[in-house]
Amino acid sequence: MTKFLFVTDLDHTFVGDDQALLELSDRLQRHREEHGTKIVYSTGRSPVLYRELQQEKNLFSPDALVLSVGTEIYLDGSNNPDSQWSSILSQGWDSQKILSITEQFPELVLQPDTEQRPFKVSFFLKAELSGILPQLESELQKTKLNVKLIYSSGIDLDILPLTSDKGQAMQFLRQKWKFAAEQTVVCGDSGNDIALFAVGRERGIIVGNARPELLQWHNQNPADYRYLAQNRCAAGIMEGLTYFGFLE
Ligand code: GLC
Ligand code: MG
């Protein structure tokens, strides 16, 4: 067994089956101790909502925490986001300008204040109203704002700097810690995880309970370095890790 970089989404991926979560957490921590494997949680949650989940599920400490859909990276338990990453994202980012455009779309409902972050503006948008997305995107493009839209789970819309998402944040850590793509595994279940699977040739595990938007993307972009698990959540991750030979 050799070390690898393990990057996982939390809600409905790492978390969602308490029994399997305990077993996987145990195996990953042992792998970290014995082989130097690095563990990263990558979630859409803000610091406030991450802390809630961390306490509720007693999640062990990762080597890095990627919050707010890849726009904040916290290394080694630090309370401050990595400044090198923040400075990359700050180029040309203007949330006031974004809001002046989103205001024109009554279908968009702002998410709670905790989820509005320095490099993330988030809304709820009902699936039946999501037909406005192309128009919203073109209004934002006209202003040359360099943003990207990420729609997840038929309800969450995130607007982020073009330079960020879960995939870009993962690449930043992969290069920092010098792991090859072949020695990196990414796991997810929904729209904001597509960036993890799409950015390169990292090994991918899609859990068995994945959302339609991710399955649809996977069917349109099949790849032999991506595994669609039968099992749900952490049990699906263990199935995938065994398939790729990272766990026995
Ligand atoms: C989490 C965040 C929310 C975001 C969603 C999808 O639920 O709290 O702000 O929109 O993930 O990325
Ligand atoms: Mg998820």
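Me: Which residue just after H5 takes a positive phi, and of about what value?
Reply: Most residues other than glycine have a negative phi. Just after H5 in this predicted model, where helices (H or I, at least four residues) and strands (E, at least two) are DSSP runs numbered from the N terminus, the residue with a positive phi is Lys144, at about 55°. Residues are numbered from 1 along each chain as its sequence is written, and local features need pLDDT of at least 70.

Me: Is Lys144 buried or exposed, and at what relative accessible area?
Reply: Lys144 is found in the loop between helix H5 (133-142) and strand E7 (147-152). Buried means under 20% relative accessible area and exposed over 50%, with partly exposed in between (1.4 Å probe, protein chains only), and Lys144 is exposed, with a value of 69%.

Me: Within what arc do the buried residues of H5 fall?
Reply: The buried residues of H5 are Leu133, Leu136 and Leu140. Seen down the helix axis, they line one face of H5, because the arc, taken from the directions from the axis to the C-beta atoms, is 65°.

Me: Which residues are exposed on the other side of H5?
Reply: The buried residues are covered by elements that include helix H4 (95-102), E7 and strand E8 (156-161), where contact means heavy atoms within 4.5 Å. On the other side of H5, the exposed residues are Pro134 and Lys142.

Me: What is the relative accessibility of Asp76?
Reply: Asp76 lies in the loop between strand E4 (72-75) and helix H3 (83-90), and its phi is positive, near 50°. Asp76 counts as exposed, because its relative accessibility is 63%.

Note on methods:
Chains lettered and ligands numbered in written order. Predicted model: local features only at pLDDT ≥ 70, side-chain atom pairs only at ≥ 80, totals over all residues. Heavy atoms only, no water.
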